[in-house]
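Visitor: I have a chain open on my screen. Can you walk me through it?

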Amino acid sequence: MYLTTLGGTNLSTSRIAPRHLLFLAYLLVEGPTSRARLRALFWPHSTSAAGNLRVLISLVRQAAPGLIIERGDRLTVQCSSDVTELLSHIQAKRASEALQLYQEPFLTHIALTLLGPELEEWLIDTRESIAEQLWEILVHDAEALLGQCRINEAIRHAEAAWLLPGLPPRDEHDLRRMHRLLTLCHSPHAGLVSREARSLGLEIEGPPPTAELEFIAFPGPHLPEEITPFLGHQELLQQIHSTLHLPEVRLLTIFGIGGAGKTRLALQVAQRAQQIYHSQVWWIALGEVQQPEDILPYVARILGAPLSPGRSALDVVVMALRERPALVVLDQFEHLYGATSLISELLRQCPQLKVLVTSRQRLALRAETAFELSGLLIEARPGQTMSDALVLFIGQARRVRPVYRFTDLDLEHAQAVCTFVDGLPLAVELTANWIRTLTPEAILGNVQAILGLPSAPMSDLPERHQSMRLVLEQSWERLTPREQEVLAALAVFHGGFTFAAAAAVVGATLQDLQGLVDTSMIRVDVTGRFSQHPLIAQLSRQYLSENLVAQRTLEEKHAAFFLKQSNTGFYEQLDGQRQMEWQDWFHSEYPNLAAALDSATARADYLSAMYLARNLHREWNNRGLAAVKLPTILSLLPYVKEEPAAHAWGLITAEAFAMYSGTQPVGDALAAARAAGDEYNIMCALYVREFAVQQRGDAEHAALMDELYAAVVKTGRPAPLATMLRRRASVVLAKGDGAAAQNDLESGLFLAKQMGATFNRADLHLLMGQVHTLRGQLDAAEQCFHAALHMFTTLGYRPHASTCFNALALLQLLQVSPGYRSSALQVALDYCDRADETFSSEGRLAVRDNVNARGFVLSALNRLPEAQECFERDVQAARNSGNRQGEHMARLGLGHLALRRRDWSAAQTIFAAIVAEADAADGHRPACWLALHGLADTHLRLGHQHRAQTHWDEAQRLGQRLGAVLPYFLTLPARRSQRQQLEAAKTHI
């Protein structure tokens, strides 16, 4: 069925009444309409409007079954029509096709006497609106054709526009435009336009002859008004402004993903440029221009430069711009990429001209200086409480729903939304609009969904910006088929990728990636790492998921690539080679490695999954995920039982994670490693078992140390040997031999220095610092701790870096002196804060030889209840982690708090227990030495001088073996009292 409304009014298959045809035409133009609206419009004063509507629908259905469709309470029409085709041609700027359809005004044969006032008004308004829209595209097309010297076509469209039936009277601007166009086309109708203008009291003069045509500088058009505040990008704005006005910069492009705010930023630049170019700043929005050849006629019209036959639009524009400095802003250039040569020609012929372009892609011209625009900052600037992106979100949300009050939790969720969309302004605004019906938490869940690309109707936004999907799909459609294929395939990566990865997994060439960078579909940072905006990645994954076979193949290649790379990194880290480089790699590629592990598990490739999990163990531990990821390892173990090496690695990793998280290990990792027969397997299993056994105080520790030493020597590699020396130093120090510990550490450092900045070297420095501290060599200790901190931080070992901050805090306590007590304690507390910011205090106790300092600092500050709570928490955490040194030191802290409370019995019990445990396999002689001093002090307070002297003598003997110096902050008052009382006792004797 076909409804004709522009040349007679009829329905192709049936003969129905004019009022019924009007009813159908209304539904076609307006779309689905409620019954209530139709009753009020067609029968405004009838008491039986509902019955009339039912009769009309029944009659139409009898004449044309299936024509009227009901959708709930709404009615719509399902048929073709000349008016819908006409409006489609007008929207697409197809003037010739639209003119061919427009035989006469809309529904011209419908008598107005049949209609009520509102329906009559609708019909007249619609009739005139259609005519005006058609007139506009005819005139625009004629001007463009004239600029291309296609005179005959220009005349045909110009005269058709003038003679258009149903067109309401034109205003002065339209009459002048029409007169100039017809005059330049040498149409006799130009005189008729003049006559009509005079009847309205207007005088319109024709343009001067072509030979005398000179451009008169009209003031540049007013720049678009901004109705919302401009946020962020202040540094970039200043940089672009400064760069644009360098003499050598003639063409500057602001490019970036759709919705990044390129137009807003360019408008800010143009506003600043007005101070330099005054009236010669021209803002030219190219959204209406459909073809590259239409640009120059359009520019000429904006400039007010008349077009004429025999003179190209380029000549007209050049004449307008070549005589004086000017800035032309070409906004939204991306769909006119084929016209870049015109910009070069303009710059060549207009030596004082500068051009500022906004586009989703670079222009790739030699004269181009390009700035890429990304999203707003998603982190607050120094001195601010909110990021620029969050300020935009809240501002838009308050415009949409002024009564909404953001809670602290709402702000967290809103910031998470801003972070997810990477601060992209359009996406932030569109998601903020959802506040009408959703909370920020619900908005976050929606936008993170695979189909959650933001969209929201805003009538003052261009259609291209009504949804992020539309924005991104427009960019997608401008890619070549090859670029689309590569971009979809790149969705297999998570968190970015390198060129090597893209080439190996996707088969991408450097040219492919460069093309996608130039079109803003991917980004590249200064290190050469590529990434996709989260929303582009989201859309790319949707395209990739449409081909499940290709997706699975890519996931297999992705997992295989990252398994191979991480295997190399795992072994090179064990050998101490390129540790810093590999640590950075594991940190950067963590999202890809996690995705590879997930995809391997999902495909039941458990062998690959187990090796990926093994390779990830350091990164998981650095991220504090040991307890969280332990079940992952355990779930894979049953599937690799038939693979001895993989099964052994799984048990080793599980045992390490169990130790870190304070749980019992599953299986015998060392027995499995021995059965597998791989030297690395055995060595790593011994590393883990030795630490656990030493902390538990098992009798087998000595034998394990011998076996580990033999295994390390067998490898002949310096890194394992340095690690072994560090471990042995820790053990002999705990047994009370400070000199032997220092010798082992010096030997280990000699080996480690040959490998540069490595974990082994940093760990050796950390323990050497503790030895220097014990021996009172505080300057040397500080140097060691700072060296260790620098290397751990550089390598990304957060638990160990946190331990260094702790050690520096304790060192400050040892340096407390009467004149600098307050400042030293504040520095110590700052170090404690930095330690906790770097890694959790509980997780930090899984680091070998770590001692938490906060309790001691709080005690020195006389914040005793806080110190008590801190020590108690550390005792439990250290026990969970098997850290005997950490446990003993926390118990020592509790003992000294008992002394401060004058609870002699509790203090004696705590110190005596530590001394009694010193001879056990898991005893710790440095802690015993401090506990002996504590016992001496306790007995002095109780008046037991002889016992105090005994403990004092024992402490001196142990201290001499350790080479230890008593900490000033712990026992200075006690030592003074002790000496006085002992001297008095000797005198009495």
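**Strands, helices and overall form**

Guide: Start at Phe255: its bridge partner in β11 is Glu372. Keep in mind that this is a predicted model.

Visitor: And in β10, what is the bridge partner of Phe255?
Guide: Ser359 is the partner in β10. β7 and β10 run parallel and are joined by 5 bridges. β7 also pairs with β11 in the parallel sense, over 5 bridges.

Visitor: Is strand β7 buried or exposed?
Guide: Buried. That holds for 5 of the 5 residues in β7 (residues 251-255), so the strand is largely enclosed by the rest of the structure.

Visitor: Which way do the side chains of β7 point?
Guide: Leu251, Thr253 and Phe255 point one way. Leu252 and Ile254 point the other way, and all of them are buried. In a regular strand, side chains alternate between the two faces of the sheet.

Visitor: What is the strand order in that sheet?
Guide: The order is β8-β9-β10-β7-β11, an open sheet of 5 strands with parallel pairing. β8 (281-285) and β11 (368-372) stand at the edges. Each has a single partner strand, so one side of each has no neighbour in the sheet. From one strand to the next, the twist averages 15°.

Visitor: How many bridges join β9 to β10?
Guide: There are 5, between β9 (residues 326-331) and β10 (residues 353-359), and the two strands run parallel. Leu330 stands opposite Val357 in β10.

Visitor: Switching to the 3-strand sheet. What order does it have?
Guide: β2-β1-β6, open, with mixed pairing. Its edges are β2 (10-11) and β6 (80-81). Each of those has a single partner strand, so one side of each is left without a neighbour in the sheet.

Visitor: Which helix packs on that sheet?
Guide: Helix α1 (residues 18-30), touching β1, β2 and β6. The direction of α1 makes about 105° with that of β1.

Visitor: How do β1 and β6 run?
Guide: Parallel, with 2 bridges joining β1 (residues 2-4) to β6. Leu3 has Ser81 in β6 as its bridge partner.

Visitor: New topic: where is His189?
Guide: In helix α9 (residues 189-199). His189 has 17% relative accessibility, so it counts as buried.

Visitor: What is His189 in contact with?
Guide: Glu159, Trp162, Leu163 and Leu182, leaving aside neighbours within four places in sequence.

Visitor: How far is His189 from Gly748?
Guide: Their C-alpha atoms are separated by 99 Å. The two residues are 559 residues apart along the chain.

Visitor: What about the span of α43?
Guide: Helix α43 (residues 884-900) has 17 residues, which should span 24 Å at 1.5 Å a residue. Its end C-alpha atoms are 24 Å apart, so the two agree. Of the 17 residues in α43, 16 are buried. Arg902 follows the helix, with a positive phi near 65°.

Visitor: Zooming out, how many helices and strands are in the chain?
Guide: 47 helices and 13 strands. The radius of gyration is 41 Å, well over the 30 Å that the globule rule gives for 989 residues, so the chain is more spread out than a compact globule. Its C-alpha atoms fill a box of roughly 135 × 70 × 55 Å along the principal axes.

Visitor: How much of the chain is buried?
Guide: Buried residues make up 54% of the 989. The accessible surface comes to about 42,800 Å², with 52% of that belonging to carbon and sulfur atoms.

Definitions and conventions:
Residues numbered from 1 in each chain as written. Predicted model: local features only at pLDDT ≥ 70, side-chain atom pairs only at ≥ 80, totals over all residues. Heavy atoms only, no water. Pairing = 2+ DSSP bridges. Helix = DSSP H or I, 4+ residues; strand = E, 2+ residues; numbered from the N terminus. Axes fitted to C-alpha atoms, helices over the stretch in contact; angles between N-to-C directions. Expected span 1.5 Å × (residues − 1). Buried < 20%, exposed > 50% of the residue type's maximum accessible area, 1.4 Å probe, protein only. Rg over C-alpha atoms; globule rule 2.2 N^0.38 Å. Areas by Shrake-Rupley, 256 points an atom, 1.4 Å probe, with all protein chains shown as cover. Contact = heavy atoms within 4.5 Å.
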